[in-house]
Amino acid sequence: MADLELNEQEQNRRDSVRKLREMGIEPYPAELFDVNTTTEDIKAGYDPDKCPFGNISIAGRIMGRRIMGAASFIELQDTEGRIQVYVKRDEICPGEDKSLYNTVFKKLLDIGDIIGIRGYAFITQTGQLSIHAKELKVLGKSLRVLPIVKEKDGQVYDAFSDPEQRYRMRYVDLIVNPAVKDVFIKRSRIISIMREYFNAHGCIEVETPILQPIPGGANARPFVTHHNALDIPLYLRIANELYLKRLIVGGFAGVYEFAKDFRNEGMDKTHNPEFTCMEIYVAYKDYIWMMDFIETLLEKIAVTINGKTLLNIGGNQVEFKKPYRRLPLLEAIKEYAGVDVKGMNENELRQVCKDLGVQVEASMGTGKLIDAIFGEYCEKHLIQPTFITDYPWETSPLTKRHRNDPSLTERFELFVNGKELANAYSELNDPEDQLFRFKEQLKLKDKGDDEAMYIDMDFIRALEYGMPPTSGLGMGIDRLTMFMTDSPAIQDVLFFPQMRPEK
């Protein structure tokens with residue numbers, strides 16, 4: 001600690017630690033402090049006529065205090081909220097020695113310190129529910145000064161609102177901005193709802209490898225590492241699709257996984273290199289079934305989390321009540337870009353992109369050129385939940401060809417508020433067609449497309465043993481949480497988003 005450049009308040013707090021120990025009070029005690037209630041339990045259950053909460057043991061952080069003579073008030077914050085604590089000198093120091101109050105409480109404790117209180121609940125003369133402290137114990141001394149957010153007459157002062165600081169020091173953000181914790185509680189509830197829904201439909205939760213010899217299941221640039229014992233390169237997974245489909249081959253009727261995926265790509269308000277994706281695969285289903293399945297789930301999540309289906313997302317009113325619009329990709333381009341690209345070859349598509357002012361690269365094939373037009377002209381209009389269906393086979397190497405048009409595939413992407421939320425297929429289970437698609441991906445890689453897929457021969461071998469018709473879907477949990485909590489950036493729904501190193 002001697003290497004730290006301390007300001008005056010930080011030095012004073014370290015001096016307080018030393019003085020506490022000189023008084024025989026350990027500022028970081030090891031023994032148990034038994035908590036038997038919370039602030040919210042007291043607020044919800046206190047009845048002055050029945051006098052409950054007569055034997056309270058509660059712990060939390062000092063967030064404010066008013067030091068008076070022989071009696072003072074603390075604002076105590078625990079895991080669920082805040083409550084006022086009344087501290088009277090002769091109550092916590094019943095004997096002749098008043099040092100716990102006069103020295104420890106009044107001089108050596110600071111805002112941010114963690115204390116334990118034993119006492120009883122009561123209503124003050126001003127009508128405020130409070131705790132009358134009978135005992136006070138120091139549980140953890142804070143050595144840094146908390147930013148104290150104040151609110152008066154609806155105005156917030158000294159807000160801890162700088163995104164750089166909030167995301168980097170999430171622990172401080174959670175302490176001083178209570179609404180932040182609510183977002184992460186809702187995130188946890190969203191995942192629980194999804195688990196219950198999938199389990200009720202006969203699916204089981206599984207785990208698949210994070211370190212993979214071949215980065216498969218998506219078009220993305222992977223992170224690469226090295227395994228010393230085997231002396232081989234390994235990749236952090238970009239998706240878990242190919243492993244989950246191996247389990248369908250093995251006989252499972254339905255499997256799902258909440259997976260940490262990693263993509264070595266850019267960062268912005270909707271992308272983090274490490275993110276959570278839920279993927280689910282159900283045998284003997286197709287992508288039409290999956291649309292019904294997932295819109296029912298999203299309506300259920302919206303109602304459970306927010307009590308309604310019409311949600312505000314970034315200033316837009318978005319309706320999650322099913323059914324959602326189903327719009328073929330080429331029809332969407334015709335509707336929003338005013339061009340019919342059906343049947344066009346690569347040169348014709350490049351000319352369309354030029355005419356429309358869509359920037360493209362030499363490595364792009366027909367599928368990516370179509371996707372570029374869609375991204376530029378269509379996505380921003382898809383505010384209400386919309387299934388965009390029937391993608392070109394070139395950009396869907398793991399998807400079954402469309403039953404009515406072999407140039408397309410049975411795939412949909414679900415868009416909400418102008419952003420992709422989910423991607424789903426009728427899964428390709430023809431091993432020969434799958435090998436052909438992988439080889440076409442290699443051609444794109446040779447042209448310079450570093451997001452094109454590798455060939456996974458073990459996955460081909462698995463398909464050769466026979467995979468039943470299957471529907472699969474991947475959904476970004478971070479983005480879903482953004483929508484359900486009206487959070488403007490992915491960093492707001494990740495406890496610890498990736499940040500540039502501190503200078």
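For the sheet I counted two strands as paired if DSSP finds at least two bridges between them. I kept in mind that this is a predicted model.

**Sheet.** I found 3 strands in an open sheet, ordered S9-S11-S10, with antiparallel pairing. Strand S9 (211-212) and strand S10 (224-227) are the edges, and each pairs on one side only. I then checked S9 against strand S11 (residues 232-236): 2 bridges join them in the antiparallel sense. Leu211 stands opposite Leu236 in S11.

**Salt bridges.** I got a count of 40 salt bridges.

Arg195 bridges to Glu205, with the closest N and O atoms 2.7 Å apart. Arg195 sits in helix H7 (residues 178-200) and Glu205 in strand S8 (residues 204-205), so this pair ties together parts 10 residues apart in sequence. Arg195 is partly exposed at 30% relative accessible area. Glu205 is partly exposed too, at 36%.

Next I took Arg350 and Glu346, whose closest N and O atoms are 3.3 Å apart. Both lie in helix H11 (residues 346-356), 4 residues apart, so about one helical turn separates them.

Are Arg411 and Glu413 buried or exposed? Their side chains meet in a salt bridge at 3.3 Å, N to O. Arg411 is buried, because its 8% relative accessible area falls under the 20% cut-off. Glu413 is buried as well, at 7%.

**Patch.** Tyr171, Phe495 and Phe496 make a patch of about 370 Å². Tyr171 belongs to helix H6 (residues 170-176).

Technical notes: Residues numbered from 1 in each chain as written. Predicted model: local features only at pLDDT ≥ 70, side-chain atom pairs only at ≥ 80, totals over all residues. Heavy atoms only, no water. Patch = residues over 30% accessible without salt bridge, like charges linked within 9 Å, V, L, I, M, F, W, Y side chains within 5 Å. Areas by Shrake-Rupley, 256 points an atom, 1.4 Å probe, with all protein chains shown as cover. Salt bridge = Lys/Arg side-chain N within 4 Å of Asp/Glu carboxyl O. Buried < 20%, exposed > 50% of the residue type's maximum accessible area, 1.4 Å probe, protein only.
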